[in-house]
Structure formats: C-alpha cells, structure tokens
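Let's take a walk through this fold, starting with the overall layout and ending at a few single residues. Keep the model open while you read.

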Amino acid sequence: MGQPVASRGRAATPTVGKAMLNKYARAFFTRVLTPFAAFLIRRGVSPDTVTLLGTAGVVVGALVFFPMGEFFWGTIVITLFVFSDLVDGNMARQLGRSSRWGAFLDSTLDRVADSAVFGGFALWYAGSGDDNVLCAVSIFCLASGQVVSYTKARGESIGLPVAVNGLIERAERLVISLVAAGLAGMHKFGVPGIDVLLPVALWIVAVGSLVTLIQRVVTVRRESAEADAAAAEESAAQSSPQSSPQNSPQGSPQNRPQSSSQNSEATS
C-alpha cells in the first residue's frame, strides 16, 4: 500500500489508507501502531514486506469477495489492510529510510491495488451481477484511473509541473467506491434499496475520472506550449548575431592624426 511520502522520498500521492483515514485518525492510529511497527523491526521485517502484504490483502479483499457480491466483507478486509499503510510508514521513519526504490514500489503497488478494486466490481457485474453496462463502467473506472495517474507522471517526467489537481483523483475514486461498496453490501443484511449506491458511485467515478483526464491533458498541452515558446525565445536570443563593434575614432582614416610634414604643408 505504500509508505508515507516523507519516508519514501517522493511527491505526495494518496494511498488507499491515506484516502480513507483523515489526518486526525492517522495520527491516532500511528501512535497506537508504533509499538507494533517497532516489534516488526526487531523481528527483522522490512517496510517493503509490509507494503507487499498490505497490497496482497487489498487484492484478496477485492478479487475474492467483490466477485461474489460480498461487498460489505470485502470492504472490511480492504479496510483492515489499510493499516499496513500506517505500519510500513512508521517502520520507515523509525529506520530513517528514504529511497527511490521505496517510492517506485509504493507507486507501482498503488496501481495494483486500484486495479484490483475496480476489477473486482467488473467481475461481479460480468458474472452474478449480470449488468454489462456497469461492467463496462467498472472497466472504464479501472482504465481511466491508470491513465489519469500516467498523465501526471509523464508530464512531470518531461519537466512540466502539471499544475492541476482535477475533479476526482485517486483518493476520491477510492473513498467514493469503497464507501459505496461497503454500504451496498448491507443489502444482504436486510437494508432495502441501499444496493443502488454502488452503481451510482461507479458512474460518478467514471464521469469524474473523464473530466480529470481532460483537465490534465489540457493543462499539459498549455504548459508544453508555454515551455516550447520560452525555449524558442531563449534559443533565438542566444543565436542572434552580435552587433559589430564600431570603429574607434582614432582608427578611422578621417580622424587619423596627420604627420608633421602634412601639418607643415597644411599651415604653409
């Protein structure tokens, strides 16, 4: 699920845990989980191992429970593994580790977790859910989420700031989808009509992701045009011919001092 940014050495990207837990809850659970994180360190467990296990838990919760229509229990399992995001970050801080590898692993496994969540929804609607439209919407949410993340990463890799947040980013996608899934799962406990929340949430995420993608593409196009124009101006300024220095007055034939003989001739 990924360590917090300060410990992993990369720009802020909300993980599932950060999306579902506000800063006050994170602070509380961080204090609670610090002894457990210290215990794992003493046992020789690395933060990367906890990251991998946390992602595995999300994948199991999404791809085992969701395709069976067990949205409530699937969301509970995913939420439990959310705490790995706090544990591995706590461990990384205690160890004083910050690495490019940690940032890479964090970002990569975030994409795996996202794919599992929306893949689980797609499998449900392709099977027992029996709704091809919502299956397609779930797949669109999966794909658009990956592309939205890619546009920012790719824009930054070519030196652009990509200065736009967008309507629905990763945190919003996960919170909306998982909260709706958990509530929709209560339909099996006899709560009537609540199962409609998940389809509504998927449509909201799909439309919001499309808007966010358009926002980022437009922003990258504008920023790249500005950067190219600035580079062209700088190149033109550097390649423009320098104005040739003027001849000094002493160097011009008209102003050269006359010889003594010429002076005498002039005065004779």
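Predicted model: local features only at pLDDT ≥ 70, side-chain atom pairs only at ≥ 80, totals over all residues.

Residues are numbered from 1 along each chain as its sequence is written, and side-chain values use heavy atoms, with hydrogens and water left out.

First, the overall picture. The protein has 11 helices and 0 strands, where helices (H or I, at least four residues) and strands (E, at least two) are DSSP runs numbered from the N terminus. Of its 268 residues, 38% count as buried. Contact here means heavy atoms within 4.5 Å. Among contacts with a separation of 6 or more, 80% are between residues 24 or more positions apart.

Now find helix α4, residues 47–65, and look at what it packs against. One partner is helix α5 (residues 71–82): the two axes come within 8 Å and cross at roughly 175°. Axes are lines fitted to C-alpha atoms, for helices over the stretch in contact, and angles run from 0 to 180 degrees between N-to-C directions. Angles under 35 degrees count as roughly parallel, over 145 as roughly antiparallel, 65 to 115 as roughly perpendicular and the rest as oblique. So α4 and α5 are roughly antiparallel. On the α4 side, the residues that meet α5 include G54, G57, G61 and F65, and they face α5 residues including W73, G74 and F81. By class, this contact has 8 nonpolar, 4 polar and no charged residues. For that count, Ala, Val, Leu, Ile, Met, Phe, Trp, Tyr, Cys and Pro are nonpolar, Asp, Glu, Lys and Arg are charged, and the others, Gly among them, are polar.

Another partner of α4 is helix α6 (residues 84–95), packed at an angle of about 170° with the axes 9 Å apart. That makes this pair roughly antiparallel too. Here P47, V50, T51 and G54 of α4 meet α6 residues including V87, D88 and M91. The tally is 6 nonpolar, 3 polar and 1 charged residues.

Next, the inside. A nonpolar core is a set of buried Ala, Val, Leu, Ile, Met, Phe, Trp, Tyr and Cys residues joined through side-chain atoms within 4.5 Å. The largest one has 24 residues, and F66, V117, F121, L198 and L202 touch the most other members. Helices α4, α5, α7 (100–126), α8 (132–157), α9 (170–184) and α10 each give two or more residues, with α7 giving the most, 8 residues. Apart from this core lies another of 7 residues, among them L33, A37, L40 and V87.

S209 counts as buried because its relative accessibility is 1%. R216 also lies in α10, residues 197–239, and at 5% relative accessibility R216 is therefore buried. The R216 side chain reaches the backbone oxygen of V148 at 2.7 Å.

How values were computed:
Buried < 20%, exposed > 50% of the residue type's maximum accessible area, 1.4 Å probe, protein only. Polar contact = N/O pair within 3.5 Å; in protein donor to acceptor, adjacent residues only side chain to side chain.
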